Amino acid sequence: MTVARIWRERGRRYRLEAARCKGCGKVFFPGRLVCDKCGSREFEEIRLSDKGKILTYTVIRVPPPAHTYETPYAVAIVELEGGGRITAMVADCDPEKLEIGQNVRVVFRKISQDGEKGIKFYGYKVVPA
Amino acid sequence: MSGIVGWGSSVPKYRIKVEEIARQWGEDPESFKKGLMLREKSVPGPDQDTITISVEAARYALQRASYVDPGEIGAIYIGSESHPYAVKPSGVTVAEAIGMQPDFHTADLEFACKAGSQGMFLAWSLVDSGRMKYAFGIGADTSQGAPANALEYSASAGGAAFLFGREKVVAEVIETHSYATDTPDFWRREHEFYPQHGGRFTGEPAYFHHLLSCARIVMEKAGMKPSDFAYAVFHMPNGKFPMRAGKILGFKKEQIEPGWVVPILGNTYSGASPMGLAATLDIAKPGERILMVSFGSGAGSDGFVFETTSELPALQDKAPKLRAQLADDPIYLTYGQYAAFRGKIRV
Ligand SMILES: [Zn+2]
């Protein structure tokens, strides 16, 4: 993850900024140029809800070095209230106790950092609600 | 009228018990439990720091003051001695996460454990003067005590955020005072991981002198005495100091207990007295007075006299209360897990 990309994506990573198609209402996260459902090119900017349900998840046991102290941890696909799906790490829980359909809420956390001297990278995770 | 229009607190899910730390170093846990009135402390997760705790506390404050457009908040001041960067402001990340950007004032504050209350004073002053409609003052920390040091039993993590405004005020600021001298009771040099403290020197000439002086002066300025207050919140480096300070000033245990969260939270440094105030606002009734006095080593105290309004009760249940967060299924760590989480050991 480059510093430029972290900076460019901060709207969606910090505030869950998404796009809703003005043609058919489909929600895209991240936003896109053309709606794959109705072909419209017009979107309005919205913010996704911070409440949702786990659609599915997997448990990571062999992590990248940045997440050594959090292992094992789960990564889930979450359907948010009012539309929109995110893929996020699940924090503050025993991953063995998670269930599909479980309620979660979106929180703001440190995601990783560029070594000991580099930038710290923040964004969303989910926790059991 | 000006004062607090929204408040929120945030505490990590992880805890370590005093027994677990004492066992590691062959110490007697009872001396910490009875002597310092500490039972357990919060520990930040590996993905939590002063920025993430500030964001959660500020989001809860905005959840309570849900009518506020974040774009109308003109300033945000975060007080902490554990800002994640030595150079790069915490305030901009927190402001972007709550949608304040780009028209706002910020700079990070540091004054040991009183930087949060100083941020609250700045935010309130800017609003009270009419300079801006809303301003945030936040105190948050993820402080570290050196292994086996007495501070290791108390140094914990958490924070509280206060949004100040002039309309729909839930707790009016009646009076303030600040009292400071150059007193070297506790410090941390740049590039050092753990702080140093002046041992027994930290009690009388530092904590008690500044906190008691500030409390007496702010009450005198307001023309009030201890019996005029429903609650008192004093900086809580441990359980014993705020209780003793309250007794010396003439407060009863019942006035201090609602905000006295330290036995099950630990010392959250810049977050400590702000979190005590948040816990008090969580349960206060309209028309009650709250005295809050912080203490930061170095050394100084900020004092506030608040009076709650009829707007308060409607906001109390709109975001998680601090004591509910503390009771919500904490995850207890072993000393090894704690040491790895806090970067005390590299695995
Ligand atoms: Zn469409």
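Tutor: Start with the contact itself. In this predicted model, 27 residues of chain B are in contact with 20 residues of chain A. The two chains bury about 2,000 Å² between them. Carbon and sulfur atoms carry 48% of that area. On the chain B side, Asp47(B), Tyr85(B) and Glu96(B) lose the most area to chain A. Together they make up 27% of what that side buries.

Next, the charged pairs. Five salt bridges are counted between chain B and chain A. One pairs the side chains of Arg10(A) and Glu96(B), at 2.7 Å from N to O. Helices α3, α4 and α13 (335–341) of chain B each supply at least two residues of the side that touches chain A. The most comes from α3(B), with six residues.

Arg109(A) forms a salt bridge with Asp47(B), and their closest N and O atoms are 3.3 Å apart. This pair crosses between chains. Arg109(A) sits in strand β7 (residues 103–113) of chain A. Asp47(B) sits in the loop between β3 and α3 (50–64) of chain B. Over all chains, the count comes to 30 salt bridges.

Helix α4 (residues 90–97) of chain B lies across β4, β5 and β6 (134–142) of chain B. Its direction makes an angle of about 130° with β4(B). These strands belong to an open sheet of nine, in the order β5-β4-β6-β7-β1-β8-β13-β12-β11 (chain B), with mixed pairing. At the edges stand β5 (105–106) and β11 (231–234) of chain B. Each has a single partner strand, so one side of each is left without a neighbour in the sheet. For β5(B), pairing with β4 (residues 73–79) of chain B is parallel, over two bridges. There, Ala75(B) stands opposite His105(B).

Helix α10 (residues 272–283) of chain B lies across β1 (3–10), β7 (157–165), β8 (171–183), β11, β12 (289–293) and β13 (298–308) of chain B. It runs at about 65° to β7(B).

The domain assignment gives domain 1 (3–170 + 313–341) and domain 2 (172–308). Their C-alpha centres lie 16 Å apart. The contact takes 58 residues from domain 1 of chain B and 55 residues from domain 2 of chain B. The two domains bury about 4,300 Å² between them, 63% of it on carbon and sulfur atoms. On the domain 1 side, Met37(B), Cys113(B) and Arg323(B) supply 15% of the area buried against domain 2, more than any other three residues.

The domain contact has charged pairs too. Two salt bridges are counted between domain 1 of chain B and domain 2 of chain B. The side chains of Lys114(B) and Asp302(B) meet in a salt bridge, at 3.0 Å from N to O. Several elements of chain B each supply at least two residues of the domain 1 side, including β1, β6, β7 and α12 (322–327). Helix α5(B) gives the most to that side, with seven residues.

Methods: Residues are numbered from 1 along each chain as its sequence is written. Chains are lettered from A and ligands numbered from 1 in the order in which they are written. This is a predicted model: local features need pLDDT of at least 70, side-chain atom pairs count only at pLDDT 80 or more; totals for chains, interfaces and linings use all residues. Side-chain values use heavy atoms; hydrogens and water are left out. Two strands pair if DSSP finds at least two bridges between them. Helices (H or I, at least four residues) and strands (E, at least two) are DSSP runs, numbered from the N terminus. Contact means heavy atoms within 4.5 Å. Axes are lines fitted to C-alpha atoms, for helices over the stretch in contact, and angles run from 0 to 180 degrees between N-to-C directions. Domain bounds come from an automatic or database domain assignment. Buried area is the accessible area (1.4 Å probe) that two parts lose on being put together, summed over both. A salt bridge is a side-chain nitrogen of Lys or Arg within 4 Å of a carboxyl oxygen of Asp or Glu.
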